[in-house]
Amino acid sequence: MTVRILAIGKKHENWVTDGIARYEKRLRKPFDVSWQLLPHSSREGDAARAEESERILAKLDRGAFVILLDERGRNIDSPALAATMQGAFDAGRAVVVIIGGAYGVEDRVRDRADFVWSLSKLVFPHQLVRLILAEQLYRAQEIAGNRPYHHT
């Protein structure tokens, strides 16, 4: 039950590192989360989006269940996220979550995604998205394990 997070951008800021560590410490094996930060492009606009999308696609395993974070994606609740991830795990697929760059990703990344997920109609800075994602992964684990962290 591995979850790999591919994120465009610089390393976590200290407050993000501390927050992510808080939730990752609570994760139970075999739920295993790893982060891979890919450098952002020095270009702008479409050129940056193309370069970063290429970097992302090069890191995706063929059989992975890919979740793309995108403000235009589906807004779901935490139990639905837990069910989505559990379905991938039950099918023997690793989960990869993508956080694109400032200019987003090309359609070919969106087309590769098995699920396009919106955290909110609001747009958040990437550092905050990383922290929210870490908490939601922990919450998904707790929901899937029928533990009391999430109250419905």
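Analyst: Start with a cut-off. A residue counts as buried when its relative accessible area is under 20%. Keep in mind that this is a predicted model.

User: Is Ile56 buried or exposed, then?

Analyst: Ile56 has a relative accessible area of 1%, so Ile56 is buried. Ile56 sits in helix α2.

User: Which residues does Ile56 touch, leaving out those up to four places away in sequence?

Analyst: Ile56 touches Leu6, Ile8, Leu38, Ile98, Gly100, Val105 and Val109. Ile56 and Ala113 are 57 residues apart along the chain, yet their C-alpha atoms are separated by 11 Å.

User: What about the rest of α2? Which of its residues are buried?

Analyst: Ala48, Glu51, Glu52, Ser53 and Ile56 are the buried residues of α2. Their cover includes strands β1 (2-8), β2 (32-38) and β4 (95-99), plus helix α4 (107-112). The helix itself runs over residues 45-58, 14 residues in total. From first C-alpha to last, α2 reaches 20 Å, close to the 20 Å expected at 1.5 Å a residue.

User: How do I read two helices that pack?

Analyst: Two packed helices are described by the angle between their axes and the distance between those axes. Here, take α3 (residues 78-90) and α5 (residues 126-144). They pack at about 80°, with axes 8 Å apart. Angles of 65 to 115 degrees count as roughly perpendicular, and α3 and α5 are therefore roughly perpendicular to each other.

User: Which residues make that contact?

Analyst: From α3: Ser78, Pro79, Leu81, Ala82, Met85 and Gln86. From α5: Gln136, Leu137, Arg139, Ala140, Ile143 and Ala144. By type, the α3–α5 contact has eight nonpolar residues, three polar and one charged.

User: And the cores?

Analyst: In soluble globular proteins, nonpolar side chains tend to be buried together. In this model, the largest nonpolar core has 31 residues. Val3, Met85 and Val95 have the most contacts inside that core. Elements giving two or more residues to it are β1, α1 (14-26), β3 (65-75), α3, β4, β5 (115-118) and α5. The largest share, eight residues, comes from α5.

User: What is Val3 in contact with, leaving aside neighbours within four places in sequence?

Analyst: Val3 is in contact with Phe31, Asp32, Val33, Ser34, Met85, Phe89, Val95, Val97 and Leu137.

Methods: Residues numbered from 1 in each chain as written. Predicted model: local features only at pLDDT ≥ 70, side-chain atom pairs only at ≥ 80, totals over all residues. Heavy atoms only, no water. Helix = DSSP H or I, 4+ residues; strand = E, 2+ residues; numbered from the N terminus. Expected span 1.5 Å × (residues − 1). Buried < 20%, exposed > 50% of the residue type's maximum accessible area, 1.4 Å probe, protein only. Contact = heavy atoms within 4.5 Å. Axes fitted to C-alpha atoms, helices over the stretch in contact; angles between N-to-C directions. Parallel < 35°, antiparallel > 145°, perpendicular 65-115°, else oblique. Nonpolar A, V, L, I, M, F, W, Y, C, P; charged D, E, K, R; others polar. Core = buried A, V, L, I, M, F, W, Y, C linked by side-chain atoms within 4.5 Å.
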